[in-house]
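Open your viewer and get ready to click along.

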Amino acid sequence: MTKISLPTCSPLLTKEFIYGVATASFQIEGGSTHRLPCIWDTFCDTPGKIADNSNGHVACDHYNNWKQDIDLIESLGVDAYRLSISWPRVITKSGELNPEGVKFYTDILDELKKRNIKAFVTLYHWDLPQHLEDEGGWLNRETAYAFAHYVDLITFAFGDRVHSYATLNEPFCSAFLGYEIGIHAPGKVGKQYGRKAAHHLLLAHGLAMTVLKQNSPTTLNGIVLNFTPCYSISEDADDIAATAFADDYLNQWYMKPIMDGTYPEIIEQLPSAHLPDIHDGDMAIISQSIDYLGINFYTRQFYKAHPTEIYEPIEPTGPLTDMGWEIYPKSFTELLVTLNNTYTLPPIFITENGAAMPDSYNNGEINDVDRLDYYNSHLNAVHNATEQGVRIDGYFAWSLMDNFEWAEGYLKRFGIVYVDYSTQQRTIKNSGLAYKALISNR
């Protein structure tokens, strides 16, 4: 595989289709002394939490290298850049704007606008200010209102520089990985926490949507959800039922409240101690209209029935990425079509899709044919979904560059650009060159 090839009639080959690259603040910025501490700083400082014992203090040093990084983004020929704002960089502990932090982002946004690159801004990509976590974090309902206050201030400060806002990135990860099984910051463990955190995150989304509609009515305003489609290991009725429960618990729990104003019916099966604290009017706030839905997709997961836990995930086999995730692009198409058939969807953007691969740097070249093949097959999977009536307006490669991969530290590389962390040198991988060729040859 040397290039990305799509059917000549594909809507993905029109100039209207938006191609972009994506990053997240904590994963690339560094510059930690210029912001308040966040939950990931604390998590990184906790022994045994990060695979290589690293942290985000420097990361890709985007804080100092952002101008060169925008040159890099422009060189790829993309239409858009998806970035996230560090809440603890732009809001002080007393709840006011931090001028230095705001300027860092307005300078970036002004530069993107000058180069005609659309800014897709994510307002929360997991880096909750630590002082809010000290007051309960996403288990505290007040955090949702603190988020709305931050969104009010920062969107007013950004003015007309932004093309699109996403309230949250992957609330599943924040709630389930962070507050239920504890493998992400803040590292809490307990089923009594997960649904409560999820509800406050979704409430924060709804409150922020109200602010966005008032402060930024001309931008595309929505949310980014991740989906890992659930497949039953067998045709056995118990396995099928367990898999359906897993899908509701892990995927639809975040989708259905936004689209339908209600949680999945499995809420009736949960012990009272595990239930979220839902106040009157919450579901109406959560389910107000969005301009688009961002979908992040990487892999699928098989399940079987479990006697006490209801469902049990099965270890994947077959072609795997460096994360150990199965490569199965057909499930991407099936996910998009199923969502389209289940809900009345707004336009969709694929806000993340990509693969960690064991890259090797040889004579200034990274011939990542495995990642290139992943992109080719998954972009074709997106095309196949459009053939079945799904409206998809854009696609963002995850990620622009190798970066801090959360609990894996710097061990896993998702970038279409290689980062040498000792020198901060960037090198476009062959997958990045193929992505550029696809975009520029439309």
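Helices (H or I, at least four residues) and strands (E, at least two) are DSSP runs, numbered from the N terminus. This is a predicted model, in which local features need pLDDT of at least 70 and side-chain atom pairs count only at pLDDT 80 or more, while totals for chains, interfaces and linings use all residues. Residues are numbered from 1 along each chain as its sequence is written, and side-chain values use heavy atoms, leaving out hydrogens and water.

**Stop 1: a histidine**

Select His-199, which you will find in helix α9 (residues 191-215). Is His-199 buried or exposed? His-199 counts as buried because its relative accessibility is 0%; buried means under 20% relative accessible area, exposed over 50%, and partly exposed in between (1.4 Å probe, protein chains only). Now show its contacts (heavy atoms within 4.5 Å). Not counting residues up to four places away in sequence, His-199 touches Tyr-263, Pro-276, Asp-277, Ile-278, Asp-282, Met-283 and Ile-286.

Next, draw a distance from His-199 to Asn-363: they are 50 Å apart in space, C-alpha to C-alpha, and 164 residues apart in sequence.

**Stop 2: the barrel**

Colour the strands β1-β2-β3-β4-β5-β7-β10-β11: in that order, these eight close into a barrel with parallel pairing. Two strands pair if DSSP finds at least two bridges between them. Strands of a sheet pair through backbone hydrogen bonds, either parallel or antiparallel.

Zoom in on β5 (residues 220-227) and β7 (residues 292-297), which run parallel and are joined by six bridges. Pick Ile-223 and you can find its bridge partner in β7, Leu-293.

Angles run from 0 to 180 degrees between N-to-C directions, and axes are lines fitted to C-alpha atoms, for helices over the stretch in contact. Helix α13 (residues 369-387) also packs on the sheet, where it touches β1 (18-22), β7, β10 and β11.

**Stop 3: an asparagine**

Finally, select Asn-430 in helix α14 (residues 430-440). With 16% relative accessibility, Asn-430 counts as buried. Leaving aside neighbours within four places in sequence, Asn-430 is in contact with Glu-365, Ile-366, Asn-367, Asp-368 and Leu-372.
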